[in-house]
Amino acid sequence: MAKRVLTDTCYWLGLINPDDQHHEDSNTISDLLGNCEVVIPWPCLFETIATRLIRRSDRLLLFEKLIKNPSVTLFHDNTYRELALSLVFESGRRIQGASFSLTDSIIREIIKDIDVRIDYFITFNNRDFQDVCDKRNIPIISK
């Protein structure tokens, strides 16, 4: 069975943008994924395909090619949206404690879901996900 690798937006941005600070790391990680099923949550698509990318057709078309690879799965986030949104607003009410973007909150809920098989998680923002990955014993790939 192929390993299932969940990805964060920063991996994709690094992969398609040669000027990105994580470009080399993203390419190195990409080379290691060989026979893996690479999973990209829909919120990461929204973050990646933003106005800046739309203006760069070469990068946009590269991204299209990457996500249309048969080893890439687009992961629907419908199950996690409402809870993640309420957690974002709840964190805004607290004086102290961590706060996460809506995309990161959705990814955190996906990671927490024991019914979703995740063998590895790719991010360059380890601090935002270490706690939930540790609870599920999901190794983070960051370099």
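Two strands count as paired if DSSP finds at least two bridges between them, and strands themselves are DSSP runs (E, at least two residues), just as helices are (H or I, at least four), all numbered from the N terminus. With that in hand, here's a quick tour of this predicted model, where local features need pLDDT of at least 70, side-chain atom pairs count only at pLDDT 80 or more, and totals for chains, interfaces and linings use all residues. Residues are numbered from 1 along each chain as its sequence is written, and side-chain values use heavy atoms, with hydrogens and water left out.

- Five strands make an open sheet in the order 3-2-1-4-5, with parallel pairing.
- Strand 3 and strand 5 (140–141) sit at the edges with a single partner strand each, so one side of each has no neighbour in the sheet.
- Strand 2 (residues 37–41) runs parallel to strand 3 (residues 72–75), and 4 bridges join them.
- On its other partner, strand 1 (residues 4–7), strand 2 pairs in the parallel sense over 3 bridges.
- Val39 has Leu6 standing opposite, and its bridge partner in strand 3 is Thr73.
- Strand 1 also pairs with strand 4 (residues 120–122), again parallel and over 3 bridges, and there Thr7 stands opposite Ile122.
- Strand 2 is mostly covered, with 4 of its 5 residues buried (buried is under 20% relative accessible area, exposed over 50%, partly exposed in between, using a 1.4 Å probe and protein chains only).

**Aromatic rings**

- The structure holds 5 aromatic pairs, meaning rings of Phe, Tyr and Trp (its six-membered ring) with centres within 6.5 Å; planes under 30 degrees apart are stacked, over 60 edge-to-face and the rest tilted.
- One of these is the edge-to-face pair of Trp12 and Phe63, at 5.8 Å centre to centre and 80 degrees between the planes.
- Trp12 belongs to helix 1 (residues 9–16) and Phe63 to helix 5 (residues 57–67), so their pair ties together parts 51 residues apart in sequence.

**Around Leu85**

- Leu85 is found in helix 6 (residues 81–93).
- Its relative accessibility is 33%, so Leu85 counts as partly exposed.
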